[in-house]
Amino acid sequence: MENQIVSQRLSALRCAMKKNGIHYYMITSADCHGSEYVHEHFRTRAYFSGFTGSNGTLLVGEEDAALWTDGRYFLQAEEELAGTGIELMRMQEKGVPDPEEYLGDVLKAGDVLGFDGNCVSAKLGKKLDKVCRGKKARISYDKDLGDIAWEERPALPAEPVRELTEEYAGESVMDKLEEVRRVMEKEGADYLFLSSLDDIMWLFNLRGADVTCNPVALSYAVVRKKDCGLFLQKKAVSGTLLAGCDVEIREYGTLFDWLETEFPKEENRREEGDEEAADKKGGKTAVKILASGESLSYRLMRILSEKGELILGESPTELLKAIKNEVELSRSRETYLRDSAALCKFIYWLKQHVGKEEITEISAADKLAEFRRQIPGFLDLSFTTICGYGNNGAIVHYAADEKTNRRLEDKGMVLVDSGGQYMGGTTDVTRTIVLGEVTEEEKKIFSLVAAAMLRLSEAVFLEGATGRNLDILARQDLWRAHLDYKHGTGHGIGYMLNVHEGPQRISWQYRKEVKEYALRPGMLISDEPGMYFAGAFGVRTENILEVVKEEENEYGTFLGFRHLTFVPIDREALDKRFLNEEDVERINAYHKNVREKILPLLNKEEQDWLIEATEDL
C-alpha cells in the first residue's frame, strides 16, 4: 500500500515536470538553510520517495528514478524503496556514480534539469551547472514542484524564539560579533551572509523550536561592519529581542525583497580608506560578501553574485561555535553526568523488567525519555531515539514504527542511541545492552567495538592533527579482521544546539571536496565505532569526548581527550579472549571512573547494580 502511495506521488510529480518542461527533477534532503534535520514542510524527498533517512538525494526522470544515500542507510533504504521503482544508489560504493556523474550519462542536449534553488546548496548547484553546460542542457531552479504536486503540504513552523543569558551562553552577542568582524576584516569582507540556522542561533544567543529536536528558528542574518540584519518570523518573537546589539529584526519572508531593494544602495558605500583595497567595476567599488558554500542556497548564490564579489568559504561562526567557552564546557560536563545517570537508570530498569513484562522498541525508547525528563533543565530529545533489537540493530539509523516495532525478549542485544537537549548542553550516547544469552560471534564483535572506542579515547596527538590522523586507532583491529563500519567514527556536537555539528570530524577517508579541520581544545566530538550484520545484529558504543590540552614543550603542543560520557559497557558481552591486556586495563579504568562519578546520582538498588556492572574484568 505504501509503495502504491509513492507511485501515485511520483506520477503527480512527473505530471508537474511535464507541464513545466522539466525532464529530470532533483530533490535533496535539505531545507533553505542546508540543515541536516528539517521540518516536515521541507521533507519533500521523503514524501516523494518513501525513504525517511536524514541524508539522500532523489532524481526523478520521465520514466525512471534513483535515490542516493550513504552507508548508514543502505539497509533502511532497501526496505523503504522496495516496490517503488526507485533505484537505490549506494554512495561511495565501487561502480556507483554520484548524481552529477549519473546526470552526465543520461542528460541530452536540450534537456532541462529542475530543482528548487532554495533547497540545493551553492556547492552542489555549481556542480550541476557544470554538468548541464557540458551536455548543452539547461537548469530550471526557480520552481518548487513540491508546492504543485504535494497535497496538503505542512505549513512553515513559527515556534517561539528566546534569548540565552550569558549565564548559559558564556559570551555576549557583541563579543561574538567582534570576533566575527575580525575574521571579516582579515578576509576583506564587507558583509557576512549567514543561512545556517545553528550558526545564527549561536551568534545571537537565541534558541527556537522550528525543527524537531533541534533548538533553532528559521532565520537568515547579514553582518556588516557596524550593524546587523536578522530575518525572523516576527510572530515567533515576543518582547524586545537583542536590545542594544545594533541588530535590526526583519520579517523572515522579506529577505529577497531586501536583497533587491536595499543591497544596491549599500554596494557603493565604503568607509574612508577602503578605496585602495577595493576592486573597481565600471568605476564603482564592489562590495565583498562572505558566505558558506555548505549552507548557502544556489538561488542565494546567484543573487549575491550579482550584488558584489561573493567569497564562498567557511563562515567564521562555524569554527568559533565549535570551540566551546568555559561556561559551555563546564555546563556540558555537568549535563553529561546527569544524562549518563539517566541512561544508567534506564539500563538497570530494562535488565530488571525484560522478559517479565511486554517491552517493545518504542516503549523502551519512551521509558528512556521518561528518565531524561526527570533531569532539571530538560528541554527535548536531541534526536529521535534509535532503539534496535536484534536484526533491527543492524540498521544504523533505525527508527521503529508500528510496522517494524519488535518486542524485546530476554535474549540477544538491543542497540540504543539517544540524547537530550537541556539548559546546559546537548547529549548523545550509544550503548548496546545485553538482554540475555548472546552468541560467541556477538561477544567477539561487541568486545572489538568497545576496545576500539576506548583506544581512540586515549589518543595523545600533536596540535594540528585532524580526525583523519586518528581514525585508524578505532578501526585498526576491525580492519585486521577484514571488518569495517560504513560511517564516520566521530562528529562534532553542539551546545544546546544541533547534535551533529561541524567542522571537526573523525573519519578515515580522504575526500577532496571536504575540508579537514584540526582538532582544537574546547571542541566536543563523538567516538562511536560499530559493526552491523544485516538480518542478524548490530553493535555500536559511543561516548562524547572533550578535546583538551595535555602539555606544551619543546616538541610542540600535545592534545588529548577526556570523557564526558560515563555509562558502563555491558560486561555480559565483554570477552577477554578478544581483548589484549591494554584493552582490559582501559575498560577497568573507565568503569572505575563511571563508579566514582555516577554512584552519587543513583538510588540504592541502582548503585548495587552499577557496582556489579563496573567490576574489573
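Q: Which residue is the bridge partner of Tyr-532 in β28?
A: In this predicted model, Tyr-532 pairs with Gly-538 of β28.

Q: And what stands opposite Met-531 there?
A: That would be Val-539, also in β28.

Q: How do the two strands run, and how many bridges join them?
A: β27 (residues 530-533) and β28 run antiparallel, with four bridges joining them. They form a hairpin that has three residues between the strands.

Q: Which residue in that turn has a positive phi?
A: Gly-535, with a phi of about 80°.

Q: Back to β28: which way do its residues point, and are they buried or exposed?
A: The strand covers residues 537-540; Phe-537 and Val-539 point one way, while Gly-538 and Arg-540 point the other way. All of them are buried.

Q: Changing topic to charges. How many salt bridges are there in the whole structure?
A: A search of the whole structure gives 44. As background, side chains of opposite charge can pair when their charged atoms come close.

Q: Nice. What does Lys-351 meet in a salt bridge?
A: Its partner is Glu-572, at 2.8 Å from N to O. Lys-351 sits in helix α14 (residues 326-353) and Glu-572 in the loop between β30 (556-563) and α19 (581-598), so this pair ties together parts that lie 221 residues apart in sequence.

Q: What about Asp-227, which residue does its side chain meet?
A: Asp-227 forms a salt bridge with Arg-224, again with 2.8 Å from N to O. Here Asp-227 is partly exposed, with a relative accessible area of 28%, whereas Arg-224 is buried at 17%.

Q: Where do Glu-582 and Arg-586 lie?
A: Both are in helix α19, four residues apart, which is about one turn of the helix.

Q: Which residues are linked with them in a network of salt bridges?
A: The network links Glu-582 and Arg-586 with Arg-455, Glu-458, Asp-477, Arg-480 and Asp-583.

Q: Now the inside: how many residues are in the largest nonpolar core?
A: There are 86. Residues with the most contacts inside the core include Phe-346, Leu-350, Leu-408, Val-414 and Phe-461. In general, nonpolar side chains tend to be buried together in soluble globular proteins.

Q: What is Val-414 in contact with, leaving aside its neighbours within four places in sequence?
A: Among its contacts are Leu-350 and Leu-408. Val-414 also touches Cys-387, Gly-388, Tyr-389, Arg-431, Thr-432, Ile-433 and Leu-435.

Q: Which residues does the second core include?
A: Tyr-191, Leu-241, Leu-259 and Leu-310 are included in that separate core, which has 77 residues.

Definitions and conventions. Residues numbered from 1 in each chain as written. Predicted model: local features only at pLDDT ≥ 70, side-chain atom pairs only at ≥ 80, totals over all residues. Heavy atoms only, no water. Buried < 20%, exposed > 50% of the residue type's maximum accessible area, 1.4 Å probe, protein only. Pairing = 2+ DSSP bridges. Salt bridge = Lys/Arg side-chain N within 4 Å of Asp/Glu carboxyl O. Core = buried A, V, L, I, M, F, W, Y, C linked by side-chain atoms within 4.5 Å. Contact = heavy atoms within 4.5 Å.
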